[in-house]
Amino acid sequence: MSTESTSSDLHADMQRLIADYVRGTAEVDAALAAIPAAALDARIDGEWSARMVVHHLADSETNSYVRLRRLLAEEPGTAIQGYDEARWALTPALGYETAPIEESLAVFRAVRAASTSVLMGLTVDDLARHGVHTESGTYTLLDWLRIYAAHALEHAQQMRAAAAGL
């Protein structure tokens, strides 16, 4: 395969991933719209409730925001900090099981919108920029894009499944 077709394929993949990333906000909103307020705390098979998912999305998105910017602005090999998502969910002061979701939804939407603006300016060459994730090792901007393009979509599906199981 020629370098030109490889670059073209990578560009198409990048555009598809960005489109999925952008779609994630609407999918989360649609999933939440299908869940009655009284069911926000329902948990199916030990999964997080919709309330917990929303708080997780806000925390995850803010972590991803920093990671994206570090990958673009700092020297190759910069440290990309992991975090213990399950521990955050169990930390009472963070309110995963009790706090209203409106503020976390606003954070999720705003941070995702700000990151979308950055993604719209990416080049194929940017996808190779890399750091070292504290938990998983080498971490490229393409890895970041693949993870976060799917993340909100997966959680929207999780909320839909929980609502269907009620």
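**The nonpolar core and its surroundings**

Modeller: In this predicted model, Leu 32 touches Leu 40, Ala 50, Val 54, Ile 101, Leu 105 and Met 159, leaving aside residues up to four places away in sequence. A second, separate core of 18 residues includes Val 124, Leu 141, Tyr 148 and Ala 149. Leu 32 itself belongs to the largest nonpolar core, which has 20 residues; Val 28, Leu 32 and Met 159 touch the most other members. Two or more residues of this core come from each of α1 (3–33), α2, α4 (102–119) and α5, and α2 gives the most, with 5 residues.

Two of these helices also meet each other. The axes of α2 (residues 50–73) and α5 (residues 141–164) come within 11 Å and cross at roughly 170°; the two helices are therefore roughly antiparallel. Their contact comprises 12 nonpolar residues, 6 polar and 1 charged. Among the residues that meet are Ala 50, Val 53 and Val 54 in α2, and Trp 144, His 155 and Met 159 in α5.

Glu 27 pairs with Arg 160, with the closest N and O atoms 2.7 Å apart. Glu 27 lies in helix α1 and Arg 160 in helix α5, so this pair ties together parts that are 133 residues apart in sequence. Arg 160 is partly exposed, with a relative accessible area of 28%. Glu 61 and Arg 112 form another salt bridge (3.2 Å, N to O), linking helix α2 to helix α4 across 51 residues. Here Glu 61 is buried, at 0% relative accessibility, and Arg 112 is likewise buried, at 1%.

Notes
Residues are numbered from 1 along each chain as its sequence is written. This is a predicted model: local features need pLDDT of at least 70, side-chain atom pairs count only at pLDDT 80 or more; totals for chains, interfaces and linings use all residues. Side-chain values use heavy atoms; hydrogens and water are left out. Axes are lines fitted to C-alpha atoms, for helices over the stretch in contact, and angles run from 0 to 180 degrees between N-to-C directions. Helices (H or I, at least four residues) and strands (E, at least two) are DSSP runs, numbered from the N terminus. Angles under 35 degrees count as roughly parallel, over 145 as roughly antiparallel, 65 to 115 as roughly perpendicular and the rest as oblique. Contact means heavy atoms within 4.5 Å. Ala, Val, Leu, Ile, Met, Phe, Trp, Tyr, Cys and Pro count as nonpolar, Asp, Glu, Lys and Arg as charged, and the others, Gly among them, as polar. A nonpolar core is a set of buried Ala, Val, Leu, Ile, Met, Phe, Trp, Tyr and Cys residues joined through side-chain atoms within 4.5 Å. Buried means under 20% relative accessible area, exposed over 50%, partly exposed in between (1.4 Å probe, protein chains only). A salt bridge is a side-chain nitrogen of Lys or Arg within 4 Å of a carboxyl oxygen of Asp or Glu.
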